[in-house]
Each structure stands twice: as C-alpha cells, then as structure tokens.
Amino acid sequence: RTQVWKICLNVANRGNAMASWDKKLDLPDQDAIQDACTRVVEGVINEGSSEDKLSFNRESMIDDCVAVLTFYSKCRAVKYHKSNGWTNVLQPLLGLGLDLADLYNCFYALESRYVPRCDLSPSVTAAPFHLLRLLLLYHDPELCNFLDTCKISTENFTSDWFCSLFSSQCTPEVTCGLWDVYLQRSDPFFIFFLALVILVNTKEQIMANSGSRPDREETIKCLTQAPSVLTLEDVDDFCQLAAYYSDKTPSSFRRDLGACFYSGAMVSSTLKVDAISTDLSQSFCLKVSIPELLLSSQPSYNGEEDEKAPQIRYFVVDCRPAEEYNKGHLMTAFHLDATLMLKEPAEFDAAVTSLFTAQDQAIQAGSAAGGEHLCFIGGGNDAEDQYMYMVIAHLLQKRQTYISVTRGGFASLLEYLTEVGIDLSEWVVGAERPAQATTNASRYFGVRSSYIKFNSFSFSTTQRSARLRKYITQGTSRRFGAIIWLNTAHKPTKLIAQTSIQTMHIQQNDRSKPYRGTESVFSIGDDNENEEEDGADQSPGTSEEHHAEIEELSSWKSRPDVKHCFECQSVTLDGNLLPAYLVVTADEMICLIEVKQRKGRRRSKQIYVKARPPRSLIAVVKITSRRSFPELITFKFGEIVAAGEKNEDVKIVAADRYILPEAGSATKAIKHIIVEAEAR
C-alpha cells in the first residue's frame, strides 16, 4: 500500500521539500497544532495492532506531524484550524511508516489534488457544495427538493467529508480501503460521487417521516454520520456504485471546475475562478458543454457498443420560440415551445407527453437523436431563456431525472462550430434548406390519446458527415434519425366544450338541504355519456380568482377546518389545465389555483395560491368519471331548495372538473364528508 499510494500521488521519486526549512515552530497557533497532532498520534497508536504498537515511536510521530503541518501552513500561507481536516488527512498516512520527507510529500499531494481548496474567496470555498447539490438534483431531484425544503445545505453535513476525505467518519481500515480505490482512479471528483451514493442510500431513513415536519438538526446529524456505518466489505460495492453514477453524469464540469476546487490545478486568474464559482452557485441545473453535446450525437457505424463511445446520450430539447427554431436548429433537436407553459397549459402538457414518447421511440430505434438524458438548449439570452428554466423547474418538480442545459445556448453552438471550422450544414438545419420528406403526418400523442390529438408530427432528415448520414438514412420510417418537429399551429382537441349557461355559485351560508323529500341522486360511478347534455356543465375560468388574495398554500393546509388537500389540475372552460389544490372542509370544497411566479424573479420555495369561490358540499348532486380517463373527475352541483320542499326534476346548475392523480381515494373521502354534511 505504501508504494502504491506514493506512485498514485506521484511522489515516489520526489526529493525532500522540507530540506530548506529552518525548523522554527513559531506560528501563532502552534499550541493548537501541537495538541491536535498529539491526539491524532495517540489515536493511531490505540487503534493499531499489537505489532504496530511495538514499532510506533510516539514522540517521533508527534514531531513529524507538527513539522508537516507547520511547514505546510507557512508555505501555503493558510492558517491552521481544527475544521480544515489536516490531522484527519494525516492519520491514515501515519500508519504507513513513512519518513518525514515522504510524509510531507504525500500530505501535500492529497491536500492540493484531492481536498477542495479553502484559501480563496467565499464563493470558491462554497463551490464544491453547490456542485454536489446539482449532482443530487440530476440523479435524485426528490431528495434534493426535500433537503431544500428543510433548508439543509450540502455544506451542513459534507464539509467534514470533503476536508478529511471521509477519514473523520470512517474507521482507519475503511478509510484506507476507500483511498486505495480513490487514489488509483486518480479522479479528484470521485469523492462527489461517493458522497452522492451515501446520500441516496440514506434517503429512505431521512424521508421516513416526510409527512411530518422533520427535525433539521437531527437530519443534519444523521447525514453527517452516515459514512460511519461503512465496513471494509462494503467498500467495493460502494465504489462501484459511485463509478456508475460518475459514468451517468455529464463530464463538462470537470474541466471548468478543476482550478476552482483544487489548489494543484493551474490558476490563470483568480477573477476567472471567482466567475466560474459564482456561475456554479447560480446554475439552475448541470450544464453541458457544446463539445460534449456534439460528441454524444455521434453514432456508431454498426450500432454496436463501442468502448470509446460516450457513456451518455442526450435527447436534445430546443426551447426557443418557433420562429427562432425555424431559422436554424441542431439537427437532432426536438422542438418544445417553452412559452406554451403559460399561454396554453393544456397544449404544453400534451407536448411534454409527446416529448417523452418521442424520446422512448428514439432510444428503442437506436437513433443518434435518442438518449436517456434530457439536455435543454435555449437561445443563450438569460431573459429569453426564463421560459426554458420554467419548463426545467416543472420537470424537476415532477421528479424527472437526468436534466441538464446546454452552456451558452444555440448562440454558443454556432460560435463553436465556426471557430473549429466545421461546416454548419453538417450539424445545423436552417429554414433555407430544402423541405424534407415527412412520414406519419398524423400521429396521436398526449396524456390520453382519446382526448388530445396532434395533427402533425413530422420527421425530417438532413445531410451531415458521411458517418452520421449513413446512420440517419437507414429506415427513416422506423428511426428518429434527426429532428422531430411538433407543429403547434394546430390546437389540440379541448377536453371540455364551451357552454353559454351562466354558472351559479353555492355559498356557504345557504344551509338548507338539497332536494329534501326526494330520493338521493348522489352517485359516484363511470359516466361515459356525453356530459355536455346535462346542462350547465361548466368549470369557472381564471377571471374568477383574478381579484382573490394570494396566500401561501401552507397557510391553507394548516387551517383547523381543512380536512383534506388534494393536489390536482383544474380543467377550465376552454380545456386548459391549471395546477391546483382541492381543499375540502366539513361544509365546502375550495379550488386553490397555483400562482405562477413572475418572470425574472428568483424562484421561491413556497407555493402561492388564489382561492376560487367555494362550493357547498350539500349542493353536490353527482360525482362522475369516464371509463377511458378515470382521473378526470366531474363534480355536478344542483339548486338548493328550502327545507320541506320537493324537487323531483333536479337541475344541474354548475360543474367543476379536475384531474386527480389519486382519484379513487379522493372521491371516497369527499363522499364520506358529503354524507356527514347531509346528515346534519
């Protein structure tokens, strides 16, 4: 192990760097260094075997430790502090029997090449923790959002991991086992994937009580101590999992962030390092460089796995406006108009569904355009790309993994191709190019194919390099060889036809029983008939909550009279779907429409809503659903009559429609509350 580590650290034949030292122990914090070295040496001796204890020279080991830390502090002009982990890094090295020169060389190599630096600006010091959060967001957005909700930063529990390379939490034998793999891989960023595996494996434990508010301090403590459960037998599997995550992650960040994280890297300018680290802290998700994106689009000759082929294939999603996209686009890009998310929510949802359908088909066909990883590309202008980031945020909220964005957008793509002298026509399709053949002009994709129809879903191919052209032109009818274009000029079929009958709102203070003296017409079942024939089959539009007060969703959930709060989508009169929450009290059901945050504002962790006018539960006549779309639930409301009056001819005066993911349990709970309300 001693020889292998020296070779991996490139210090096997290195001279004595401490030869010129005057051996003066005169630092202001010299006493703290002495105490820390004494403790670490005693720990090594106590945990060593009987044979090791006989060979250890306690005083000599302490002197060597003090000399290494003192000389390192003077050379690097970095003040010693117990939180910087120096003694933890020294601890595994002390058991190797190294002389003073080799001990210092190994320690210096580890600190400069593998321990994230802390000698520059605060933004640089915080950069490793921002990177780990982005990696977690890439692989497990649910866990990342959970930590964000708990206001737990990765710095709260990984600072100790990084500065000690896990030696502060793991036993000496586990630490040495980890370092055996870590150093032989010669990848300083591997520690981030080791940390990622620990987080993912701890997910079930820290989210076990996600229904209740977790204790922040207890969660941080649990995460900090998570590596301590590792055993020597776990090391191989642990490192293999970390290698798997590493292979499934874009590699662009390694080149840019090396100088930020590690003092052994060449730094051309501290201002540049600060700029890179600041950009990382402001990144919405992982960024992919233009060369990496283009490299992943290169197909194999025979469609067989190539050892040198990129580990990651990207499904490129171009989120620029249609007019910009038609002027020029990457030939393997799928077009998704990000502005639809605000303008046409229902059409946007259907377009996203078709995106995933196209992605699956491209992967199955083995196309160069197909990839498990989504890479979004915008125009390169932050103001215009805000819509694209809203789409990304929407998908991350839905726990979609493997989401990244192209660094610099389409403008950087054109600039890069021009600089390296590549013919743009090999990669970019422009509006001036001849019209390409289309196949399967009429395809159906959407949340439910029976409801949402796309009248045009075309495929186009274009010339590229000989290698790529040969791949694309093989069997165009069965391959997504190039760009898949979604024609948004055609509107999808609306879920609900518009009607002209005025909606009557049932107010809470109207407490008379509906239809007293008649048989109950309340029912829950499959209604497959044309519901527009029932009369006023309407859902309120967006204008009704326009003047409502904006409130936090959490304040609604915490109200004592709220019995249930179901996440759903409200179906408007024109068929659009609005993110909403259906709140049920003992007497009412209230639709809370989620308020989208304004463009350019920093995304808040809180969810804000506007309340529509409430519906009285005792006015509910029917709750119906369709056999073909059981999640689409319709609540029909009738006129409320005075007590003692009879009304055998029930008139439907209003209807609300929602898409409820948990439709069965939701309707059962609401029915139970309605029965209780009618009994009062």
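This is a predicted model: local features need pLDDT of at least 70, side-chain atom pairs count only at pLDDT 80 or more; totals for chains, interfaces and linings use all residues.
**Exercise 1. Helices α5 and α6**

Classify the packing of helix α5 against helix α6 and state which residues make the contact.

*Solution.* Step 1: α5 spans residues 86-94 and α6 spans residues 100-113; the two pack at an angle of about 130°, and their axes lie 10 Å apart. Step 2: angles over 145 degrees count as roughly antiparallel and those from 65 to 115 as roughly perpendicular; α5 and α6 are therefore oblique to each other. Step 3: the crossing of α5 past α6 is right-handed. Step 4: α5 contributes Trp86, Val89, Leu90, Leu93 and Leu94 to the contact, while α6 contributes Leu103, Cys106, Phe107, Leu110 and Glu111. Step 5: sorted by class, these residues comprise nine nonpolar, no polar and one charged.

**Exercise 2. Helices α8 and α11**

Carry out the corresponding analysis for helix α8 and helix α11.

*Solution.* Step 1: α8 (residues 141-149) packs with α11 (residues 190-206) at an angle of about 60°, the axes being 10 Å apart. Step 2: this angle makes α8 oblique to α11, because roughly parallel requires under 35 degrees and roughly perpendicular begins at 65. Step 3: α8 passes α11 in a left-handed crossing. Step 4: the contact involves Glu142, Leu143, Phe146 and Leu147 from α8, together with Leu199, Val200, Lys203 and Ile206 from α11. Step 5: six of the contact residues are nonpolar, none is polar and two are charged.

**Exercise 3. The pairing of strand β12**

Identify how many bridges join β12 to β13, and in which sense β12 pairs with β19.

*Solution.* Step 1: β12 (residues 564-571) and β13 (residues 577-584) run antiparallel and are joined by eight bridges. Step 2: in this pairing, histidine 564 stands opposite valine 584 of β13. Step 3: β12 also pairs with β19 (residues 652-659), in the antiparallel sense and over two bridges. Step 4: here glutamine 569 faces isoleucine 659 of β19.

Notes
Residues are numbered from 1 along each chain as its sequence is written. Side-chain values use heavy atoms; hydrogens and water are left out. Axes are lines fitted to C-alpha atoms, for helices over the stretch in contact, and angles run from 0 to 180 degrees between N-to-C directions. Helices (H or I, at least four residues) and strands (E, at least two) are DSSP runs, numbered from the N terminus. A crossing is left-handed if the near helix is turned anticlockwise from the far one by less than a right angle, and right-handed if clockwise. Contact means heavy atoms within 4.5 Å. Ala, Val, Leu, Ile, Met, Phe, Trp, Tyr, Cys and Pro count as nonpolar, Asp, Glu, Lys and Arg as charged, and the others, Gly among them, as polar. Two strands pair if DSSP finds at least two bridges between them.
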